[in-house]
Amino acid sequence: MTIGAVPTLVLLPLILAEIAAWSGWLAKRLLPVAAFLHYGRTSRRSVRAEEWSQQLQDIPGPLSQLVYALGHLMSGFASVVVRIASRVWRKKRLDRDALLRALDAGLVRDPDVAWLDPGHPTETPPVLFIPAEETADLAWQSRALCGGTDGDAFFPEKGGSSHAAKRVCARCEVNVECLQYALDHDERFGVWGGLTEKERRRLSGPAA
Amino acid sequence: MAGIARVTEPTLDVLAVLLRAHHANRDIYGWEIKKQTHRSGPTVYSVMDRLEDADLIQGRWEQQTGQDKGPRRRYYRLTDEGVDLARQLLGVRRSLPGPDSGLGMVDADPPLTWHPLRRVT
């Protein structure tokens, strides 16, 4: 045995004890993080965080406590991934559904061209078909794309271009709901669901 | 009746433990459920989340006496709806004896971590 081994022999147990002690501390701090990953900003987050922290008292060793906390943490990460994936999938599906409905309704003839060409007259007056329960629900407003843009573009000056606004509407997943809302509430100003005041008047003209 | 979308094996395990506690007329806390089901914490709690969302179980905090300052234990019990569903599901999927024939007491092992002194009434 060399002289150098002596400090190692003395220090090693100390280091191991240190690691073990820190493990318990770490476990206590990881559990609230895990709860946040699982539940986000819900009331269940704080319930589970406290519940899980209490459970550490049922686990004898600090290392086992850490393993337990890491288990919750890993599954928390997994649930975040699942949540993001399902949100992306849902958005894709909504985009597609909105486009299909718009096509059905005759609001869009060619998904790429019709919305971006305000001057182009529609040949047949489009017929809107939107289930009543959807129009009653105003939740669509929170998904509207225009919420994050320059509001002025949606209220162009007389003779100004509504092109920019229409471009946004074309990509918006709730443009059909938006247009229906504007027609129902007789909105007089601004671009709604990709149509200007004038275009909307033409739509609702026969009925009025 | 509110339901749960999927009835998985862990769900049945958790329901079995909860039903046993129900028959023993006591509430049971998360760690006991984890121990008795031999499932991991995250598995048990993903089941509990769904059961809670469907109002099949109800949780309450343990009442702390003056000195205790730490995190509280949380106890769970089946709601009436939960008892019905647990009996039904376990009867179908685990072919336990029905509620009329001696109840789900067949495998009434004493709970591993339960101790009378810990019992909260």
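**Salt bridges and a buried alanine**

B:Arg60 counts as partly exposed, because its relative accessibility is 29%. Keep in mind that this is a predicted model. A search of the whole structure turns up 14 salt bridges over all chains, and B:Arg60 is in one of them, with B:Asp27.

**Within chain B**
- The side chains of B:Arg60 and B:Asp27 meet at 2.9 Å, N to O.
- B:Arg60 sits in strand β2 and B:Asp27 in the loop between α1 (9-23) and β1 (28-29), so this pair ties together parts 33 residues apart in sequence.
- B:Asp27 counts as buried, at 8% relative accessibility.

- B:Glu52 pairs up with A:Arg44 in a salt bridge, and their closest N and O atoms are 3.2 Å apart.
- That pair joins two chains, since B:Glu52 belongs to helix α3 (residues 41-53) of chain B and A:Arg44 to helix α2 (residues 43-55) of chain A.
- Both B:Glu52 and A:Arg44 are buried.
- A:Glu50 and B:Arg72 form another salt bridge, with 2.7 Å between the closest N and O atoms.
- This one also crosses between chains, running from helix α2 of chain A to the loop between β2 (57-61) and β3 (74-78) of chain B.
- B:Arg72 is partly exposed, at 27% relative accessibility.

**Around A:Ala34**
- Look for A:Ala34 in helix α1 (residues 5-39) of chain A.
- A:Ala34 is buried, with a relative accessible area of 0%.
- Beyond its neighbours within four places in sequence, A:Ala34 touches A:Trp52, A:His72, A:Leu73 and A:Gly76.
- A:Trp52 is 18 residues from A:Ala34 along the chain, and their C-alpha atoms are 9.7 Å apart.

Methods. Residues are numbered from 1 along each chain as its sequence is written. Chains are lettered from A and ligands numbered from 1 in the order in which they are written. This is a predicted model: local features need pLDDT of at least 70, side-chain atom pairs count only at pLDDT 80 or more; totals for chains, interfaces and linings use all residues. Side-chain values use heavy atoms; hydrogens and water are left out. Helices (H or I, at least four residues) and strands (E, at least two) are DSSP runs, numbered from the N terminus. Buried means under 20% relative accessible area, exposed over 50%, partly exposed in between (1.4 Å probe, protein chains only). Contact means heavy atoms within 4.5 Å. A salt bridge is a side-chain nitrogen of Lys or Arg within 4 Å of a carboxyl oxygen of Asp or Glu.
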